[in-house]
Amino acid sequence: MKIIKNQRLAAVSCRGLLITLAALLSLCMEAQHLSPCGNFVSPTDKNIQYVGRINFSNPERPYFVYPGVQIIASFQGTSLRMMAKPESGYFMVQIDEAEPFKVAFRGQQDSIVSLATSLPKGTHRAHITYCIEGYELRPEFRGFWLDKGCQLVASPPLPDRRIEFIGNSITCGYGVESTNPSEHFSYETENHYYTYAARTARALGAQYQVVARSGIGIYRNYDGPKTGNSDNMPNEYPYTNYHDKSQLWDFSRFTPDVVCINLGTNDTSTGTADQKRLEKAYGDFLKTLRSKYPQAKIVFLTGAMLNGKELSIVKAALDKVANDAHHQGDENVYRFDMTPQNGDLMIGADWHPSVWQQEKMGHELTGYLRGLMKWF
């Protein structure tokens with residue numbers, strides 16, 4: 001019995017030692033975030049450029065949900081680390097002119113990720129793009145860590161050209177990194193960076209913002225009732241973030257030269273659509289957009305997933321809305337149809353456009369907008 005007791009005491013002592021070591025390790029990890037060997041940069045730093053719908057109610061922890069939100073900063077030194085809320089999801093990162101790459105804040109311990117190491121001494125630029133839809137994750141940006149003694153410096157001004165993209169899963173980049181149409185949604189295969197919208201903006205040298213959500217419609221969401229859904233795009237559009245009524249979006253923060261709306265795929269999904277409701281919803285949303293952006297050109301698109309009867313329904317509704325606008329004196333409403341996918345360029349998850357189809361869509365829209373906007 002004495003031996004057993006000593007063994008128990010030894011086990012308790014070992015467990016206590018392990019707990020102590022774990023606590024010390026945790027403190028060391030926390031101390032690493034506060035390390036005097038590096039320089040912490042708050043999200044409030046004046047040299048950080050933000051693009052997209054972001055809620056700054058807590059300026060130390062700005063949060064966002066739409067894909068395409070961008071954080072841009074020029075920094076001194078040889079390395080850059082980024083802090084975000086754990087499980088914030090995926091970002092695409094470009095350092096200087098190097099090839100962009102994806103980083104992830106996945107687990108509960110992933111609050112800091114290295115974006116660059118062993119760079120030449122000097123000034124570098126980081127362009128960070130949120131590349132998934134984050135309404136479930138509610139990502140937060142929490143700052144940067146630089147080399148000791150280094151700081152952010154002013155970045156070149158953002159482009160004067162401005163585009164707003166309003167859309168659904170196609171604009172989000174649902175399934176774009178998959179080539180299996182039988183595969184279902186995952187954050188791992190969603191990547192807005194490779195969409196027609198992001199490609200078009202880069203090709204035209206424009207800054208852009210996105211308001212998009214998979215499954216959303218102009219009046220009826222995917223597989224919704226024929227009478228429509230309350231959380232459709234027009235009802236969500238006035239707010240900074242999707243499914244968050246805590247803050248109205250300040251439209252003065254971003255005034256686009258052109259607005260591209262790619263909706264209708266979900267409205268006509270599962271063989272259910274009300275033509276009159278569809279037309280009315282498009283017309284009402286046009287009035288909303290015109291009240292926010294009196295001078296902008298507004299382009300109604302059809303996307304690559306529409307075919308057959310559904311494509312005809314959406315085209316007819318959009319043509320009517322555009323023609324009605326012209327008759328009422330608004331000549332800055334336009335129509336453009338992208339080529340429907342046929343499988344020649346592979347198909348992504350759940351029959352969404354592949355990365356190559358998105359590239360084709362981007363090429364088509366770039367050419368159209370270049371001519372429309374005289375952006376040569």
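Modeller: β8 contributes three residues to the lining of the second largest pocket, the most of any element. The model is predicted, with local features needing pLDDT of at least 70 and side-chain atom pairs pLDDT 80 or more, while totals for chains, interfaces and linings use all residues. Residues are numbered from 1 along each chain as its sequence is written, and side-chain values use heavy atoms, without hydrogens or water.

Colleague: What volume does the second largest pocket have, and which residues are closest to its centre?

Modeller: Its volume is about 450 Å³. Gln-70, Gln-94, Arg-125, His-127 and Arg-202 are the closest to the centre, out of 19 lining residues. Elements giving two or more residues include β3 (70-76), β5 (89-95) and α3 (196-204). A pocket is an open set of points on a 1 Å grid where a 1.4 Å probe fits, with protein on both sides within 12 Å along at least five of seven lines; lining residues have an atom within 4 Å of a point. Volume is the space filled by probe spheres set on the points, which are joined across faces, edges and corners.

Colleague: Why is Asn-168 called buried?

Modeller: Buried means under 20% relative accessible area (1.4 Å probe, protein chains only). Asn-168 has 1%, so Asn-168 is buried. Asn-168 sits in the loop between β11 (162-167) and α2 (169-172).

Colleague: Which residues beyond its sequence neighbours does Asn-168 contact?

Modeller: Leaving aside neighbours within four places, Asn-168 contacts (heavy atoms within 4.5 Å) residues including Ala-212, Asn-262 and Asn-266.

Key:
Helices (H or I, at least four residues) and strands (E, at least two) are DSSP runs, numbered from the N terminus. Buried means under 20% relative accessible area, exposed over 50%, partly exposed in between (1.4 Å probe, protein chains only).
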